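I opened my notebook to keep track of what I looked up today. Here is the structure I was working from.

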Amino acid sequence: MKPVKLVALNGKYSSYLYDGKFYHSIDVNLSPFELEGNECIENPINTTINIAFLKLPGVRSWRDLENKAYEFTDIAFEDYEVPMPDASVLLSYYYSPVFISNMEFGERTERYIRMSMKCEMDFENGVHGVQSYELSCLLEIRDFYIDCSFLEPTNENLKDSKKIAKQYVTLDDYKEPEIIRNFLFNVNDQDVFEEKISFPSKIE
């Protein structure tokens, strides 16, 4: 099995409400690397590890992340067990799974906090196979948002969004809610956007 060197450059952290549940998400940007064994892959690969539906018990805001450590299990049977998050990485034209077993957060400096994790990446080919990594980088702390599938992003719903949000997050750590538009993709020369209600982080 030929090793693939992965280096985490930086990333971002946010939290969100989806389908009535509170989750966290982390994106980790990787330095460019190359893969062999698949002629369809365009090297070098510039990509990001996307971690979604992440549960972090005891974290109601970015302020609670400091000095926390978590062990994840594939299937959580007990309340004290933390389920493994959904994580993947785009390898040129397909998404490959990433299995995260451990995650630790360090001290926060203004808008940034260090995160370290142990993971396995399945390159899904006979040349590289499954490889283990310990990655570490600074995460930029972003917003808390309510997914549009859970609450429609309208001016009328902004007030209700605060009532909903305080059930899950520490509102004092976030600014007033606002409606933001994120670019998703382009189809037939038409840009497609997603709107959602966002609570920007209140970081001094």
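**Confidence**

This is a predicted model, where local features need pLDDT of at least 70, side-chain atom pairs count only at pLDDT 80 or more, and totals for chains, interfaces and linings use all residues. Residues are numbered from 1 along each chain as its sequence is written, and side-chain values use heavy atoms, with hydrogens and water left out. I looked up pLDDT (the predictor's confidence in each residue, from 0 to 100) and found a chain average of 89, with 93% of the residues scoring at least 70. Confidence is highest in β1, at 97, and lowest in strand β5 (residues 82-83), at a mean of 76. Strands here are DSSP runs of E with at least two residues, helices are runs of H or I with at least four, and both are numbered from the N terminus.

**The core**

Next I checked the largest nonpolar core, which has 53 residues. Such a core is a set of buried Ala, Val, Leu, Ile, Met, Phe, Trp, Tyr and Cys residues joined through side-chain atoms within 4.5 Å. Buried means under 20% relative accessible area, exposed means over 50%, and partly exposed is in between (1.4 Å probe, protein chains only). I26, I49, M103, F105 and M117 have the most contacts inside this core, and β9 gives the most to it, with seven residues.

**A serine in a helix**

I found S161 in helix α1 (residues 157-165). Is S161 buried or exposed? S161 is buried, because its relative accessible area is 0%. Leaving aside neighbours within four places in sequence, S161 is in contact with I146, L151, P177, I197 and F199.

I noted a cis peptide bond joining N43 and P44, with omega about -5 degrees. P44 sits in the loop between β2 and β3.

D19, in the loop between β1 and β2, has a phi near 55 degrees, a positive value in a residue other than glycine. D19 counts as exposed, because its relative accessibility is 59%.

N67 also has a positive phi, near 60 degrees, and is a residue other than glycine. I placed N67 in the loop between β3 and β4 (69-73).

Methods
Contact = heavy atoms within 4.5 Å.
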